[in-house]
Each structure stands twice: as structure tokens, then as C-alpha cells.
Amino acid sequence: AAVITAGILLQSRELTRYSAMFMTEPLATLMLTLLAWTWVRNAREGWTTKRAITSGIAMGGLLAARTIFILTTPVLLLLPGRDLSFRSKFAWKTKAICLAVAIIVISPWWVRNIVVLDAFMPLGTQGGINLPMGFGPRALRHQGIWASNPGDGWPEIAAQNLDIVTSEVMLAKYRQKLTLNWMVKNPGPVLHLMWLHVSQELKPGRDFYSRWLLPAAAVAVLVLWRVAGVSVIVLMVCGNILSVAMTYSAGGRFMVPVQPLLVALVAAMIVYVPRQALALMRGNSTARPRASAWWSRNHR
């Protein structure tokens, strides 16, 4: 399944193209895949303090690579798995440890932002600056896809000849207030834009790879639903889609980091279905115990 996953991923034009660029996609893809691997292991074998720390380090690295994933961290509370360290049915304590470690990993960067900007903006200025690209009249004109925005307060702030840091902080605060006021007054268009963000991001591209991957992954989820760990990948992908709905679309770019997770589901199904079919075709008393043992071992 791992070899099949690698082979299919090499056919992704987006993933191979971004891997050679100085952008957040390569590192975000690596950290998200690592985080998914640790969480799937925790779902299958149980949460321990050591595993929670490992997952927290991966999560902190993911937040450092791409801040937008902070919107998906609540998914952690929904992930399956027993708490082995504290002998409880639900892994609330070890998940809290995971979250605490992630905050410790990313906190130096957050503190640095607050100090440099001289404002309580731990995530930086880009979220506020880009908010009108996701919600507002401009976002509606561009159908929810990000587009460069030279207006919305920038000419007036630039005319004051302030330093770049002060100008960015002022622009972020101005655009954030402007957008939030619009969202309160226009709840209907806000919901419409959230739908546009997701539909634009999930829209099949011109190449065959982008057209078949998401439907094939959905079929794989139905086939493998009882396999431990599948729900983890589903929750992570859904969390990523939710973050797109809450921000804006980048024409498929925000789905690049979850491509390895989707391909892994497809590859697992490619291996799983023939194996189950062979077990059923044998239909003798010697084959059934081996198939049953395999099922119990891999579906804990």
C-alpha cells in the first residue's frame, strides 16, 4: 500500500510542482502527513503520554508551516482512541498534553509576532489583511477565489509614510473591522461565500488526477470505514475543508497538503479489496481462521 501510495502521488502535478517552490505547501504536506500517521497510530493502539508528545511536536510544526491549520485543531477532540496512560475510556488528558506541546512548540513564534508588531497579533498580520478576499463585496465579485487587493484602506495608510510594520498592523486592523462589520450585516452572502470557497477549492481540474482522486477517496472511505484510523483521516480532511470555508479559495492550492492522505486511502483500498476477495473465494476451513485473525489484528 505504501509503494502504491508513492507511485500515485508522483503523478500529482500540483504536488510535484509545489515541491520545487519556496512556498508553504511542501513543509505543510510533510508535517500534515506525519501528524496523520501519529494520530492513526494513536487511534489503533491507544493514546499514551509519549505518543501525545510526539503528536504535539508534529502539530506544532504544522502550525509553524501554515497557520491556517489552527482552524482544524478542534478536530483533535473528536479523534478516537483510548487513553492508556491514565487508564480512561476517552483520551482527554493525553489529547490535552498533545495540544499543550503544540502550543509550546509554536509559542516562540507567536511571542515574536506580538513583540515585533507591538500588538496582540500572535498569528501575524496576513489573516486580517486577506480577510476581505474571503468575505465582502470583493470576494463576491471574484466568486470566493483570492485576488490581489490594492484597495480597502491601503492607499490612505500608505500616504502617511509610516514604516512597513506599523502600516501592516494598521491595515490588518482596518480590514478586519471592515470585514467583520460586513459579515454581521450580511449573513446570507457569508454562507454563500463559504459554499463558494469549498466548491471552488474542490472543483476538478483539467488533469485526470484531480478529477478522480476525491471521488475514489470517498469510495475508499465507504469500503474501509470499519478499519481503525480511517475516521482520523476523514476528520483531518474535513477539518481542512472547513478551514477553506472560513477563509477563501486558492483554486485548489489548499487541498495539496491533504493529497497524501486521500491517496493513502485509495492505495489501502486497492490492497484491501483483493485480499478480502481471495479470502472469500477460498471458502475453506483453513482459510477462514487466517482471514479472521487478519481482520481482528488490523481492526482493533
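Q: Where do I start: how many helices and strands does the protein chain have?
A: Helices here are DSSP runs of H or I with at least four residues, strands are E runs of at least two, and both are numbered from the N terminus. By that rule the protein chain has 14 helices and zero strands. Before going on: this is a predicted model, where local features need pLDDT of at least 70, side-chain atom pairs count only at pLDDT 80 or more, and totals for chains, interfaces and linings use all residues. Residues are numbered from 1 along each chain as its sequence is written, and side-chain values use heavy atoms, with hydrogens and water left out.

Q: What box do the C-alpha atoms fill?
A: Along the principal axes, they fill roughly 85 × 45 × 40 Å.

Q: How do I read burial, and what share of the residues is buried?
A: Take the relative accessible area with a 1.4 Å probe, protein chains only: under 20% is buried, over 50% is exposed, and in between is partly exposed. Of the 300 residues in the protein chain, 43% count as buried.

Q: And which atoms does the accessible surface belong to?
A: Areas come from the Shrake-Rupley method with a 1.4 Å probe, and for residues only the protein chains shown count as cover. The protein chain's surface comes to about 16,300 Å², with 68% belonging to carbon and sulfur atoms.

Q: What about contacts between residues at least 6 apart in sequence?
A: A contact means heavy atoms within 4.5 Å. Among those contacts in the protein chain, 70% join residues at least 24 apart.

Q: Where is Gln143, and what is its phi?
A: Gln143 is in the loop between α7 (137-141) and α8 (154-158). Its phi is near 60°, again positive in a residue other than glycine. With a relative accessible area of 39%, Gln143 is partly exposed.

Q: Is Thr72 buried or exposed?
A: Buried, with a relative accessible area of 12%. Thr72 lies in the loop between α4 and α5.

Q: What is Thr72 in contact with?
A: Leaving aside neighbours within four places in sequence, Thr72 is in contact with Gly239, Asn240 and Ser243.
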